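Hi there,

Here is the structure I promised to pass on. Have a look at it first, and then read my notes below.

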Amino acid sequence: MPEPYIRIAVAADEEELAVLDRATWSTLHAVSPRPEPPYKPFFDERHLPGDYLVAETEGRLVGYVRIARPTPLASNAHVLQIQGLAVAEEARGRGLGRALIRAAVEEARGRGARRLSLRVLGHNAPARALYASEGFAVEGVQPGEFLLDGAYVDDVLMGRRL
């Protein structure tokens, strides 16, 4: 697989992103139920194309990361948050998740953010290790915050300075 091109999403990416999002759904990282038809639009008033960086290879989207403000408060405007990361099955194990995280860090810096945070499920050891290797530290844990597949799962807050 050739090196991916990472760019800001555009409205025309909506259907391909929606398909990727549904294909990568898992209780390893998702707290909402599996998407079922009729599907909601991928982009809406809270999820804008400019919030997403997409990885494109050979004209196909193979991953995305969403970066958005965690709150609308002016006092929190210096913080951005990773609010979603997906990598297509066929693109996994090639460093694409790491490339998307690094692109998110650079994009957040470019937008003037001083901090980048994220939430990750406690049982998602691969994601937690990846984030830690990219400079994110655990800043808090909400024990048993979600009930997924019959088990209570921690919600872990991680963050880093930019």
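**The sheet and what packs on it**

In this predicted model, seven strands form an open sheet with mixed pairing, in the order E1-E2-E3-E4-E5-E7-E6. Strand E1 (5–8) and strand E6 (137–148) are the edge strands, each pairing on one side only. On average, neighbouring strands of this sheet are turned by 25° against each other, direction ignored.

Let me start at the E1 end. E1 and E2 run antiparallel and are joined by four bridges; here Arg7 stands opposite Val54 in E2. On to the next pair: E2 and strand E3 (residues 60–68) are antiparallel too, paired over six bridges, with Glu56 standing opposite Leu61 in E3. E2 and E3 form a hairpin with two residues between them. In that turn, Glu58 has a positive phi of about 50°.

Why is strand E2 (residues 52–57) largely enclosed by the rest of the structure? Buried here means under 20% relative accessible area, and five of the six residues of E2 are buried, so the strand is largely enclosed.

Further along, strand E4 (residues 79–87) and strand E5 (residues 115–121) run parallel, joined by four bridges. Gln81 has Ser117 in E5 as its bridge partner. Helix H3 (residues 125–133) packs on the sheet and touches E4, E5, E6 and strand E7 (151–161). The direction of H3 makes about 160° with that of E5.

Best wishes

How values were computed
Residues are numbered from 1 along each chain as its sequence is written. This is a predicted model: local features need pLDDT of at least 70, side-chain atom pairs count only at pLDDT 80 or more; totals for chains, interfaces and linings use all residues. Side-chain values use heavy atoms; hydrogens and water are left out. Two strands pair if DSSP finds at least two bridges between them. Axes are lines fitted to C-alpha atoms, for helices over the stretch in contact, and angles run from 0 to 180 degrees between N-to-C directions. Contact means heavy atoms within 4.5 Å. Buried means under 20% relative accessible area, exposed over 50%, partly exposed in between (1.4 Å probe, protein chains only).
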